[in-house]
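Please consult the sequence and the coordinates alongside the text.

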Amino acid sequence: MSTPSTVGAGIPIASVPNLRDIGGYQTEDGGRVRTGVVYRSTDLGRVADGDVAALDALGITTVFDLRTESERELLPDRAPSGATEVALDVLADTDPSAAPAMMQHILTDPKVAEQLLGTGDTNEFMLKVYGEFVTLPSAVSSFRTLFTDLARAQSTPALIHCTTGKDRTGWASASLLMFLGVSEEDAFADYLLTNEQLLPSFEPVFDKFRAAGGNPDLLLPILGVRRPYLEAAIEQVRAGFGDFESYFADGLGISAADRDALRTNLLT
């Protein structure tokens, strides 16, 4: 098993929280996911002038933006110099009130938050959304493009992000790691690192929500991640396809040649 203390460390660029390399994890057959090839983060809409050089230094050639069109319009990316931007609207075919796509409204309006999130540590709506990451046509199309592109060496180093870099990006990262042969335990460990690396950056959000009359604890199930969310998507994969090799092959329609190329490009 890989040790999360030695892999998954946050990259300290203050205006891009939850930024980390998904590489370094061992595979169950003795390989290892390459480092410096695939990164994950929040959106790049708030990159500070003083952080541009550090972001550019990662050498990112492709930015895969998993946000909705409205999210991109609200806060366009400030992408690394020379990087190609690929817009992949994972949630294009879902209910427009889907929690990830409604993030801005949820964070600023306690009434909307209460309506969509309810109470409790695990949000039922989020469980539904994670299942849709596997079945929704726009999600299938988006993840097919993402993983097919990552099979091309010229598309990497790459950065995958959505708004907070935890749900759509979380599934992209976890499913990719499990396809590559990383243990489910390590895929969960990487997924749950978001709670350490992202939540502290939301203190101003919690403060504003409190000032608007809301209970900040209400936001934790949507600003953080929960193990049952990822489990919901994994269960959908197993119910529909059996395993991640079949999910990539039959669910996403990625050819055998591209699956092999993906392993070649991302494993050492």
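## Backbone geometry

P157 is placed in the loop between α6 and β5 (158-161); helices (H or I, at least four residues) and strands (E, at least two) are DSSP runs, numbered from the N terminus. The peptide bond joining T156 and P157 is cis, with omega about 0°. Most residues other than glycine have a negative phi, and most peptide bonds are trans. N18, a residue other than glycine, has a positive phi near 60°.

The model is predicted: local features need pLDDT of at least 70 and side-chain atom pairs count only at pLDDT 80 or more, whereas totals for chains, interfaces and linings use all residues. Residues are numbered from 1 along each chain as its sequence is written, and side-chain values use heavy atoms, with hydrogens and water left out.

## The segment before β1

Both N18 and A14 lie in the segment before β1 (20-21). N18 has a relative accessible area of 2% and is therefore buried (under 20% relative accessible area, with exposed over 50% and partly exposed in between; 1.4 Å probe, protein chains only). A14, by contrast, has 75% relative accessibility, so A14 counts as exposed.

Helix α5 (residues 124-135) has twelve residues and extends 17 Å from its first C-alpha to its last, close to the 16 Å expected at 1.5 Å a residue; the expected span is 1.5 Å times one less than the number of residues. Its buried residues are M126, V129, Y130, G131, E132, F133 and V134. Their cover includes α6 (137-150), α7, α8 (184-192), α11 (220-223), α12 (227-240) and α13 (244-251).

Buried positions in α6 include S138, A139, F143, F147 and L150. In helix α13 lies S246, which touches F241 and G251, not counting residues up to four places away in sequence; contact means heavy atoms within 4.5 Å. S246 and F179 are 67 residues apart in sequence, and their C-alpha atoms are 9.3 Å apart in space.

In soluble globular proteins, nonpolar side chains tend to be buried together. The largest nonpolar core here has 71 residues, of which F143, F147, L150 and W171 touch the most other members. Helix α7 (residues 168-179) gives the most to this core, with seven residues. A nonpolar core is a set of buried Ala, Val, Leu, Ile, Met, Phe, Trp, Tyr and Cys residues joined through side-chain atoms within 4.5 Å.

Beyond its neighbours within four places in sequence, F143 is in contact with L66, V90, F133, R168, W171, A172, Y247 and L252. Another core, of twelve residues, lies apart from the largest one, and its members include L19, Y39, L58 and I60.

## The largest pocket

The largest pocket has a volume of about 460 Å³. A pocket is an open set of points, on a 1 Å grid over the protein atoms alone, where a 1.4 Å probe fits, with protein on both sides within 12 Å along at least five of seven lines; lining residues have an atom within 4 Å of a point. The volume is the space filled by probe spheres set on the points, which are joined across faces, edges and corners.

Of the 18 lining residues, P17, R46, S201, F202 and V205 lie nearest the pocket centre. Helix α3 provides the largest share of the lining, four residues; α3 (103-108) and α10 (203-211) each supply at least two. By class, the lining has eight nonpolar, seven polar and three charged residues, where Ala, Val, Leu, Ile, Met, Phe, Trp, Tyr, Cys and Pro count as nonpolar, Asp, Glu, Lys and Arg as charged, and the others, Gly among them, as polar.
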